[in-house]
Amino acid sequence: MDKDRIAGAAKDFAGKVEGVAGDLAGDARTQASGRAREAAGTVQNLYGQAKDAAREAGEAAVSMAKDAYDNSGDTIQSGSKAVAKSVRDNPLGSLLIAGGIGFALALMMSRSARRPPPRWRYYG
């Protein structure tokens, strides 16, 4: 629980007490001061709740990231096993796919740089 929530709840309670005291005494200034303190306490309490929610969301994100990192080795290992099984089952198809990927990469690497078209300017 955040200290802003505690302080806000205390201000809210004090403002309610002050407002009731102003009602009983018939003092409008005390009554208005109590309502203002109550509103400030409510706002501070809500601010503390928002900070708590943000902290909890951050902790949950860190926990999820840590779990994903811990399980990533298992995922990579199972994926490599699946690829190895696929290559064992169909070696010719795997060879053709690898050759196609190599050919596409060679075309992209050996391509000459594109030059912009010449600019003709009319100076007349």
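**Salt bridges and burial**

Q: What makes D23 and R35 a salt bridge?
A: In this predicted model, the closest N and O atoms of D23 and R35 are 3.4 Å apart. A salt bridge needs a side-chain nitrogen of Lys or Arg within 4 Å of a carboxyl oxygen of Asp or Glu, so the pair qualifies. The pair links distant parts of the chain, with D23 in helix α1 and R35 in helix α2, 12 residues apart.

Q: Why is D23 called partly exposed?
A: The relative accessibility of D23 is 40%. Partly exposed lies between buried, under 20%, and exposed, over 50%, so D23 counts as partly exposed. R35 has a relative accessible area of 40% and is therefore partly exposed.

Q: What makes the contact of E38 and R35 a salt bridge?
A: The side chains of E38 and R35 meet at 3.8 Å, N to O. The cut-off is 4 Å, so this pair counts. Both residues lie in helix α2, 3 residues apart, about one turn of the helix. An α-helix has 3.6 residues a turn, so residues three or four places apart point the same way.

Q: How do you know that D52 and R5 form a salt bridge?
A: Their side chains meet at 3.0 Å, N to O. That value is within 4 Å, so the pair is a salt bridge. D52 lies in helix α2 and R5 in helix α1, so the pair ties together parts that are 47 residues apart in sequence. R5, D52 and R55 are linked in a network of salt bridges. The structure holds 8 salt bridges.

Q: What makes D27 partly exposed, and where does D27 lie?
A: D27 has a relative accessibility of 33%, between 20% and 50%, so D27 counts as partly exposed. D27 lies in the loop between α1 (3–25) and α2 (28–89). The C-alpha atoms of D27 and R37, 10 residues apart along the chain, are separated by 16 Å.

Q: How do you know that α3 is hardly covered?
A: Among the 20 residues of α3, the count of buried residues is 0. Helix α3 covers residues 91–110 and reaches 28 Å from its first C-alpha to its last, close to the 28 Å expected at 1.5 Å a residue.

Note on methods:
Residues are numbered from 1 along each chain as its sequence is written. This is a predicted model: local features need pLDDT of at least 70, side-chain atom pairs count only at pLDDT 80 or more; totals for chains, interfaces and linings use all residues. Side-chain values use heavy atoms; hydrogens and water are left out. Helices (H or I, at least four residues) and strands (E, at least two) are DSSP runs, numbered from the N terminus. The expected span of a helix is 1.5 Å times one less than its number of residues. Buried means under 20% relative accessible area, exposed over 50%, partly exposed in between (1.4 Å probe, protein chains only).
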